[in-house]
Amino acid sequence: MSHELKSAQVPLDNSTDLPLWTGDFYNEGTGSSDIFDTLKEECGVFGVFGHSEAASLSYYGLHALQHRGEESCGICVADGKEFNYHRGMGLVKEVFDKDIMATLVGDVSIGHVRYATSGDSRLANAQPLVFKYRDGNLAIATNGNIVNAPQIRRELEEGGSIFQTTSDTEVVAHLIARSSKDVVEAAKDALQRIVGGFAFLIMTNDKLLVASDPHGLRPITMGRLGNSYIFASETCALEVIGAELIRDIQPGELLILDEDGLKEDRFTEPQRKALCAMEYIYFARPDSDLNGSNLHASRKRMGSRMALEAFVDADMVTGVPDSSISAAIGYAEQTGIPYELGLIKNKYTGRTFIQPSQELREQGVKMKLSAVRRVVEGQRVVMIDDSIVRGTTSRRIVNLLREAGATEVHVRITSPPFKNPCFYGIDTPNREDFIAHNKTIDEICQEINADSLAFLSPEGLIGAIGGDNANDHNGGLCLACFNNEYPTTLDFGGEEKGGCGC
Ligand code: SF4
């Protein structure tokens, strides 16, 4: 049977009666005026012990962790005698080139990608932080936030310490440097002093230390590549270099790697496990595994639970890209309503320096997200998203779908309402800026211009995530931004400090 090429009969869309977009310009990365009010990733760390290509492995590992921080990055390598390092502002592929990589010689390395809050985005804060102290060289890379860092910093400054950065990480470096003990004991003392959510990589000329906070708030995982050990914030970074996952670092654990191999120790007893639930909901890549659960599968289960808790009949389901696509597929599978690509994200808007004129804004320049008119026109749409922060983003996306012809837009959020700030490394607004802080679900629904709105219950979230700690308190998760149950003390010493302290 022969096939005949048919001439395309695509009607031109000459419709002139479509409303012009009069909302905001879709953009991101423009600092405090960022109109996409999603939460910001914190940081990502990557460590190698015992591989002659440690720097190259770190490059690929950090590239896989790029979604956790786009502001700056760095790699520091130890060759047994000295450190070779490079840090810069920008993406991994922008900061490192062949010539720089050629200088990073050594078989132990730590690397970092960083997201910084506005005004704090400067090279001095780029990690790994590198110091010279009495016993030689010290490099530190961390992910998270130290709640009592301002207090300790004040004490250290009163005792004569001079800080070069505004990063929490430097507090730990000073605590280690001032100690008269060897680096392992000094690190234990320092880690016992600090309160918060953190994963640390600490490197000297001949040692690599890896630590997780007593609640395991921030993820860090260990893998193996031949005879080398690899450490990463997410398993996707192990996968990309062909390393095999061994296990997650446990709360309060301190691993010591040196010429004697790997020693499993701890700096404190573990406290109740409280891994950040937002890692599952939004931050981590869908191909990563956390605590025994794959992220894509967990998010699909969140969508499926959402359908069981708050079913609404519709013609199609769509997910807000990228993090809500897995959950939308789960909702569609559970209900039999087809999943459709109703929203498209432009992946190349990361940093945009050109601001549009008012005229272009009014013409509807939508740089970051578009609704697919041919898909959503005339349809009743279930729109799945992972969270609502201030509500402005949700309203814009609902309006995008309506403008493209959706007849109904039902919003389903695969997390409970956000009501409390994070003090463990996620950059959140103040309590009163969360839309759910003082509004009912009906009021939020109205504000975001949806036909209906539902949030996943905490029980539904815990059940969907499952994993190794499913039977622990809160399923072994931190849910503080939803339920106000902070796993640590919040003794700020008079200076409340949220967000990311890296
Ligand atoms: S408060 Fe929220 S964002 Fe912060 S660690 Fe806990 S779950 Fe994660």
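Q: How many salt bridges does the structure hold?
A: The structure holds 19 salt bridges. A salt bridge is a side-chain nitrogen of Lys or Arg within 4 Å of a carboxyl oxygen of Asp or Glu. This is a predicted model, where local features need pLDDT of at least 70, side-chain atom pairs count only at pLDDT 80 or more, and totals for chains, interfaces and linings use all residues. Residues are numbered from 1 along each chain as its sequence is written, and side-chain values use heavy atoms, with hydrogens and water left out.

Q: What makes Arg68 and Glu234 a salt bridge?
A: Their closest N and O atoms are 2.6 Å apart. The limit is 4 Å, so the pair qualifies. Arg68 lies in the loop between helix H1 (54-64) and strand E2 (72-78), and Glu234 in the loop between strand E10 (228-232) and helix H7 (236-240). The two are 166 residues apart. Helices (H or I, at least four residues) and strands (E, at least two) are DSSP runs, numbered from the N terminus.

Q: Why is Arg68 called buried?
A: Arg68 has 0% relative accessibility. Buried means under 20% relative accessible area, exposed over 50%, and partly exposed in between (1.4 Å probe, protein chains only). Therefore Arg68 counts as buried. Glu234, at 1%, counts as buried too.

Q: How do you know that Arg247 and Glu264 meet in a salt bridge?
A: Their N to O distance is 3.2 Å. That falls within 4 Å, so the term applies. Arg247 is in strand E11 (residues 244-248), and Glu264 is in strand E13 (residues 261-266).

Q: Why is Glu264 called exposed?
A: Its relative accessible area is 51%, so Glu264 passes the cut-off for exposed. Arg247, at 22%, is partly exposed.

Q: Which residues does UniProt list for "binding site"?
A: The unreviewed UniProt entry lists Ser323, Asp385 and Asp386. They are spread over 64 residues of sequence, yet cluster in space, with a largest C-alpha distance of 7.9 Å. UniProt positions follow the numbering used here, feature names are shortened, and annotations may be inferred rather than shown by experiment.

Q: Why is Asp385 called buried?
A: Asp385 has 7% relative accessibility, so it counts as buried. Asp385 is found in strand E20 (residues 380-385). Asp386 is in the loop between E20 and helix H13 (392-403). At 3%, Asp386 also counts as buried.
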